[in-house]
Amino acid sequence: MILVTGASGKTGRVVLAALQAHGAAARALVRTPQQVPASEVILGDLADSSTMAAALQGVDALYLIMPNMHPHEAELGAAWIAAAKAASVRRVVYHSVLYPQIEAMPHHWQKLRVEETLIQSGLDFTILQPASYMQNILPYLPSIRAHGEYRVPYAVDALFSPVDLEDVAAAAARVLLEPGHSGAVYQLAGPEVLSSAEMAAQVAAHIRQPVAAVHQPLDSWRFSNAHLPAYTRDTLAAMFAYYNTHGFVASSFPLAALLKRAPSSFADFMTREII
Ligand SMILES: NC(=O)c1ccc[n+]([C@@H]2O[C@H](COP(=O)([O-])OP(=O)(O)OC[C@H]3O[C@@H](n4cnc5c(N)ncnc54)[C@H](OP(=O)(O)O)[C@@H]3O)[C@@H](O)[C@H]2O)c1
């Protein structure tokens, strides 16, 4: 049995579907009752130690997905790793992020601390470090279609190597279900280096409508996102400032090796997800 945390989220659902496609038994931890592609669903708060113990009962492997922008991810991750040890879980795969060592991005730095705890835990582990997902553009589509603008709070020529979440999930299933990945740390980046301007041009060609990438100043982004919790808003702003200066690019070599095929291009992703 494989336990997947954060199971109702963007990542959790796709990882569960990949495991289901392999016929693997998976238990999904969710905090509100809902349909997810899993053989078992367990209800509970991810931050509650009694939930951890109950969810880990009879589990061989834990796929640890932490909530996006959790202010206490380092401590929460350590608690999950300790609970997995106490429950004699054989293996832990941690869903981290590309370049967790970037201190300027607080959520990356927290993930680095979780990685450190896991590496030193004595558990059999694998760490996956995905780049930003291609799917992150999907919530922007209604406004792209309505206004012909893809508004991002960083330079439109900053470079990324976006990865298809379906490929990330396929890689996750592979490291969970086949031997040979103990102690591995894999970056999972897509096959192309693209700016937001280039992504906008590809979307424009795909939807046959003019689309321009537009740089929204960070102060204006902060103002229009004043409703977000302070940690989330400040951490996102720090991430956008980092992207603005450095972009977020890595090699797709480890992902291609894991998938044993070329990872999906942005065009492949659009053909599948954007009608
Ligand atoms: N997005 C990217 O491009 C990207 C790239 C690399 C790594 N990552 C990492 O991937 C991870 C997952 O991201 P995501 O985009 O899939 O996040 P998401 O869609 O926000 O999903 C997070 C899930 O965690 C659940 N959750 C939050 N607090 C909980 C609690 N206290 N107890 C139980 N469940 C709780 C949420 O449940 P509810 O539905 O009930 O709120 C949600 O289902 C994050 O750690 C993120 O940093 C993301």
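Leaving aside its neighbours within four places in sequence, Thr126 touches Arg91, Val92, Val93, Tyr94, Leu118, Val175, His181, Ser182, Ala184 and Tyr186. Keep in mind that you're looking at a predicted model.

**Thr126**

- You'll find Thr126 in strand β6, which covers residues 124–130.
- Thr126 has a relative accessible area of 0%, and buried means under 20%, so Thr126 counts as buried.

**Arg27**

- Arg27 sits in strand β2, made of residues 26–30.
- With a relative accessible area of 11%, Arg27 is under the 20% cut-off, so this residue is buried too.
- A polar atom of the Arg27 side chain lies 2.8 Å from the backbone oxygen of Gln57.
- Not counting residues up to four places away in sequence, Arg27 touches Met1, Ile2, Leu3, Val4, Glu40, Ile42, Ala54, Ala55, Leu56, Gln57 and Val59.

**Helices α1 and α6**

- Helix α1 (residues 10–21) packs against helix α6 (residues 165–177) at an angle of about 55 degrees, and their axes are 8 Å apart.
- Because of that angle, α1 is called oblique to α6.
- The crossing of α1 past α6 is right-handed.
- On the α1 side, the contact is made by Lys10, Thr11, Val14, Val15, Ala18 and Leu19. On the α6 side, Leu165, Glu166, Ala169, Ala170, Ala172, Ala173, Leu176 and Leu177 take part.
- Sort the residues of this α1 and α6 contact by class and you get eleven nonpolar, one polar and two charged.

**Helices α7 and α11**

- Helix α7 (residues 196–207) and helix α11 (residues 266–273) cross at roughly 40 degrees, and their axes come within 11 Å.
- From α7, the contact uses Met199, Gln202, Val203 and His206, while α11 brings in Phe266, Ala267, Met270 and Thr271.
- In this contact of α7 with α11, five residues are nonpolar, three are polar and none are charged.

How values were computed
Residues are numbered from 1 along each chain as its sequence is written. This is a predicted model: local features need pLDDT of at least 70, side-chain atom pairs count only at pLDDT 80 or more; totals for chains, interfaces and linings use all residues. Side-chain values use heavy atoms; hydrogens and water are left out. Axes are lines fitted to C-alpha atoms, for helices over the stretch in contact, and angles run from 0 to 180 degrees between N-to-C directions. Helices (H or I, at least four residues) and strands (E, at least two) are DSSP runs, numbered from the N terminus. Angles under 35 degrees count as roughly parallel, over 145 as roughly antiparallel, 65 to 115 as roughly perpendicular and the rest as oblique. A crossing is left-handed if the near helix is turned anticlockwise from the far one by less than a right angle, and right-handed if clockwise. Contact means heavy atoms within 4.5 Å. Ala, Val, Leu, Ile, Met, Phe, Trp, Tyr, Cys and Pro count as nonpolar, Asp, Glu, Lys and Arg as charged, and the others, Gly among them, as polar. Buried means under 20% relative accessible area, exposed over 50%, partly exposed in between (1.4 Å probe, protein chains only). A polar contact is a pair of N or O atoms within 3.5 Å; within protein, one must be able to donate a hydrogen and the other to accept it, and residues adjacent in sequence count only if both atoms are side-chain atoms.
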